[in-house]
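Please look over the model below before reading on.

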Amino acid sequence: MTPADELTAMGEADLALAQQAMNSDDVAVQQAWRRLTATHADRLTGILDEHGWPAWGPEAAYAAWKIAQHADRQLDVQRRVLALIEDAAEPGVGAREIAMLRDRVLVNEGRDQIYGTQVAGVVDGKPVLWPCADPDGLAARRAGVGLPPPL
């Protein structure tokens, strides 16, 4: 299996288990997703060490981004991928994905997010965002990277 195929398969597995975990209160499902994200982030690190940014097409690039996006317990992986994609003009990873990972890194560092992409929880059925810098400019910043209006 090529590294591109491996990344794509990891991305598909991540998406399937993430959807299951986000809709479940089952601790075993949550734990399985945490283990999977950690394993995938470790493997992504190995691929990056060996090959650099996976410039093998949009599917592999998007999968690498998704793996980093979900590597919340491995901030070093998130930071590394953010630095790589800020400089890469790869199909599959655009301004929207960069904004989402930037917010994820900021939130994981305990700082205010910029684009309002990260949700802290749900109250009365409505998502509550982590704090945002300059809330008055949020809609314009989101529009600038192709995100829909804020929640």
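Predicted model: local features only at pLDDT ≥ 70, side-chain atom pairs only at ≥ 80, totals over all residues.

Residues are numbered from 1 along each chain as its sequence is written, and side-chain values use heavy atoms, with hydrogens and water left out.

**Overall fold**

The protein has six helices and two strands; helices (H or I, at least four residues) and strands (E, at least two) are DSSP runs numbered from the N terminus. Read from the N terminus, the order is α-α-α-α-α-β-β-α. The radius of gyration is 16 Å, close to the 15 Å from the globule rule for 151 residues, so the protein is as compact as a globular protein of that length. That radius is taken over C-alpha atoms, and the rule is 2.2 Å times the number of residues to the power 0.38. The C-alpha trace spans about 45 × 40 × 25 Å along its principal axes. Of the 151 residues, 40% are buried, where buried means under 20% relative accessible area (1.4 Å probe, protein chains only).

**The largest pocket**

On a 1 Å grid over the protein atoms alone, a pocket is an open set of points where a 1.4 Å probe fits, with protein on both sides within 12 Å along at least five of seven lines; lining residues have an atom within 4 Å of a point. The largest pocket has a volume of about 780 Å³, a volume being the space filled by probe spheres set on the points. Its lining has 26 residues, and Met 22, Asp 72, Arg 104, Gln 118 and Val 119 lie nearest the centre. Helix 5 gives the most to this lining, with five residues. By class, the lining has 12 nonpolar, eight polar and six charged residues.

**Two residues**

Arg 102 is in helix 5, and its side chain makes a polar contact of 2.4 Å with that of Glu 86; such a contact is a pair of N or O atoms within 3.5 Å, one able to donate a hydrogen and the other to accept it. Ala 18, in helix 1, counts as buried at 1% relative accessibility. The table gives their contacts (heavy atoms within 4.5 Å).

| Residue | Contacts beyond four places in sequence | C-alpha separation |
|---|---|---|
| Arg 102 | Leu 82, Glu 86, Ile 114, Tyr 115 | 14 Å to Gln 74 |
| Ala 18 | Trp 33, His 70 | 9.2 Å to Thr 37 |

Definitions and conventions. Nonpolar A, V, L, I, M, F, W, Y, C, P; charged D, E, K, R; others polar. Buried < 20%, exposed > 50% of the residue type's maximum accessible area, 1.4 Å probe, protein only.
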